[in-house]
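Subject: Structure for your review

Dear colleague,

Please find below the structure that I am handing over to you.

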Amino acid sequence: MLNTAGLSLDQAPPIRVPFAFFLAAPFFVLLAGVLLLWQGEAVLLTRWSPSALALTHLIALGFLTQVMLGALFQMLPVLIGARVPGATWIASLVQGCLILGTLALVAGLQWGGTVRLSLGAGALALGLTLFMGAAGVALARGRGAPRTLQAMRLALFGLLMTLLLGVLLVAGLLGVPIGGLTAWVDLHLGWALLGWVGMLILGVGYQVVPMFHVTPAYPAWLARSAAWLILSGLLIATAFTLMGWSGAAVWGFGPAVGVLAVFAVVTLDRQRRRVRPRIDVTLLHWWSAMLSALLAALVWLFGGRPELIGVLVLIGVGLGLPSGMLFKIMPFLSWFHLQHRQVAARRFDVRLPHMQAFIPERSARVQFGLHLGALSALTSAAIWPDKTWSAGLMALGALMLMGAAALLSRLQFDCYGRYLEIGRRL
C-alpha cells in the first residue's frame with residue numbers, strides 16, 4: 001500500500017500528458033544501443049569523441065529529460081498542489097521540440113553541420129524555455145512540502161543554467177570564439193548532472209522514497225541544506241570558470257558531489273529501515289542507482305577515468321532510476337485515473353485491477369536483470385578500454401541495453417493498453 005498522504009491527487013493532468021513522454025523515452029535508448037554497437041570503441045576511448053557526445057545527449061535528453069519532464073507535468077500538481085497552466089497543449093509543444101531538438105543535436109554532434117546544430121539548439125531552447133515558464137508559474141504558486149518545493153525550484157534554475165551553457169557551447173562549435181572551451185563543457189556537465197538532475201532527484205526522493213517504500217522521512221538537516229549546498233558549489237565553480245581559473249572549479253564541484261553522495265547513503269539507510277519488507281523491482285533500481293552514484297563519486301574523488309564516471313552516472317543512475325520509478329508511477333497513474341472515472345460515471349460494476357496487474361513484477365525483474373547486465377558489461381569495458389575483450393563486452397552491453405529498453409517499452413505499452421481497455425468500459 002502506498003502512503004499517499006500530502007498528495008493533491010485531484011489536480012492531476014490528463015494521463016496522456018505524462019504518458020506521452022514516458023512512452024517515447026525508451027526509443028532513444030534503442031538509438032543509443034545502435035550507436036554503441038557502431039562506434040562503441042570510440043565512445044569509451046575518450047569522452048571528447050563525436051560518438052561519446054552524441055551518446056551522452058541521446059540518454060541525457062532523449063531518455064532522462066523526457067521522463068523527468070513528463071513526471072514533472074504530473075508531479076507539480078500532485079506534490080505541491082499547483083497545476084501547470086495549459087499543461088495539455090504546452091506539453092505537446094515541449095515534447096515536439098524536445099524530440100526534434102534531441103535528434104538534430106545528436107546528428108550535429110555525430111556528423112557536424114551548421115543546420116543540424118542550429119536546429120537542435122534552437123528547438124531545445126524553445127521547448128525547454130516553454131517548460132520552464134509553465135513550471136515556474138506552478139512552482140511560484142506551489143504550497144506543498146517546503147523541502148520538495150525548494151529543491152524543485154533550484155532544479156529548475158539548474159536546468160536554465162544547463163540550457164544557457166549548452167547554447168553557448170553550440171555557438172562555440174559553430175565558430176564563435178570561446179576561450180577555455182573544455183572548462184565550459186565541464187561546467188555545462190556539472191549544472192546538468194548536479195544542478196538539474198541531482199537536485200530534482202533530491203526533491204522527488206524526499207516525497208517518493210517514504211511514500212513508495214514506507215520508510216522514515218529524510219532527516220531535516222539534510223533536506224534543509226542539501227539543495228543550497230549544491231547550488232553554492234555550482235555558483236563557485238561558475239565564478240572560477242568565468243575568471244579563467246578552471247582548475248579551481250573543482251572546489252565548487254566537490255561539495256555538490258559530496259552532498260549527493262551523502263543523499264545516496266541516507267537513501268540506502270532509509271530504505272534499509274523501511275516498514276514494508278518486500279523487495280520490489282523499484283527498490284532494486286533505487287539500490288543500483290544509489291550504489292552507482294556512490295561509485296561515480298569515489299572514481300571522481302580519486303581522479304579516475306571520466307568515461308567510467310559517465311557510464312555509472314548515465315547508465316547506472318540516468319537510465320536505472322527513471323526505469324524503476326516508471327514501474328511504480330505508470331501503474332499508479334493508470335489505477336488512479338480509472339478510479340476517478342469510475343466514481344464520476346458511477347460504474348461500480350466495473351472491477352478495477354490491482355496496481356501490480358498493470359505491469360507484472362516478474363517481467364519488470366527481467367528488465368532490471370538486463371539493465372544490470374548492461375551496466376556491468378559497460379562499466380567493465382570503461383575500466384579496461386584497451387583490453388582485447390573490451391570490444392566484446394561493449395557489444396554485449398549494447399545488446400543488453402537495447403533489450404532492457406525494448407522490454408521497458410513493451411511493458412509501458414501493455415500498461416497503457418490495459419488502461420485504455422478498462423477505460424472503454426467506464
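This is a predicted model: local features need pLDDT of at least 70, side-chain atom pairs count only at pLDDT 80 or more; totals for chains, interfaces and linings use all residues.

Residues are numbered from 1 along each chain as its sequence is written, and side-chain values use heavy atoms, with hydrogens and water left out.

Helix 9 and its ends

Helices here are DSSP runs of H or I with at least four residues, numbered from the N terminus (strands are runs of E with at least two). Helix 9 covers residues 281-301. Its 21 residues should span 30 Å at 1.5 Å a residue, and the end C-alpha atoms are 30 Å apart, so the two values agree. The expected span is 1.5 Å times one less than the number of residues.

At the N-terminal end, Asp280 caps helix 9, with a side-chain oxygen 3.3 Å from the backbone nitrogen of Thr282. This is a polar contact (a pair of N or O atoms within 3.5 Å; within protein, one must be able to donate a hydrogen and the other to accept it, and residues adjacent in sequence count only if both atoms are side-chain atoms). After helix 9 comes Gly303, with a positive phi near 70°.

The nonpolar patch

Val250, Trp251, Leu295, Leu298, Trp300, Leu301 and Phe302 make a nonpolar surface patch of about 800 Å². Patches consist of residues with over 30% relative accessible area and no salt bridge; nonpolar side chains (Val, Leu, Ile, Met, Phe, Trp, Tyr) are joined within 5 Å, and like charges within 9 Å. Accessible areas come from the Shrake-Rupley method with a 1.4 Å probe, and for residues only the protein chains shown count as cover.

Helix 9 gives the largest share of the patch, four residues, and helix 8 (250-272) supplies at least two. Phe302 sits in the loop between helix 9 and helix 10 (306-345). Phe302 has a relative accessible area of 69% and is therefore exposed; exposed means over 50%, buried under 20%, and partly exposed in between (1.4 Å probe, protein chains only).

Salt bridges

How many salt bridges does a search of the whole structure find? The search finds 13, each being a side-chain nitrogen of Lys or Arg within 4 Å of a carboxyl oxygen of Asp or Glu. Side chains of opposite charge can pair when their charged atoms come close.

Asp280, the capping residue of helix 9, also forms a salt bridge with Arg276 (2.9 Å, N to O). Asp280 is buried at 2% relative accessible area, and Arg276 is buried at 18%.

Another salt bridge joins Asp414 and Arg410, with the closest N and O atoms 3.1 Å apart. Both residues lie in helix 12 (residues 390-423), four residues apart, about one turn of the helix. Asp414 is partly exposed at 37%, whereas Arg410 is exposed at 54%. Elsewhere, salt bridges that share partners link Asp269, Arg270, Arg272 and Arg273 into one network.

Two positive phi angles

Val214, in the loop between helix 6 (181-213) and helix 7 (220-242), has a positive phi near 50° although Val214 is not a glycine. Arg346, also not a glycine, has a positive phi of about 55°. Arg346 lies in the loop between helix 10 and helix 11 (361-383) and is exposed at 65%.

Yours sincerely
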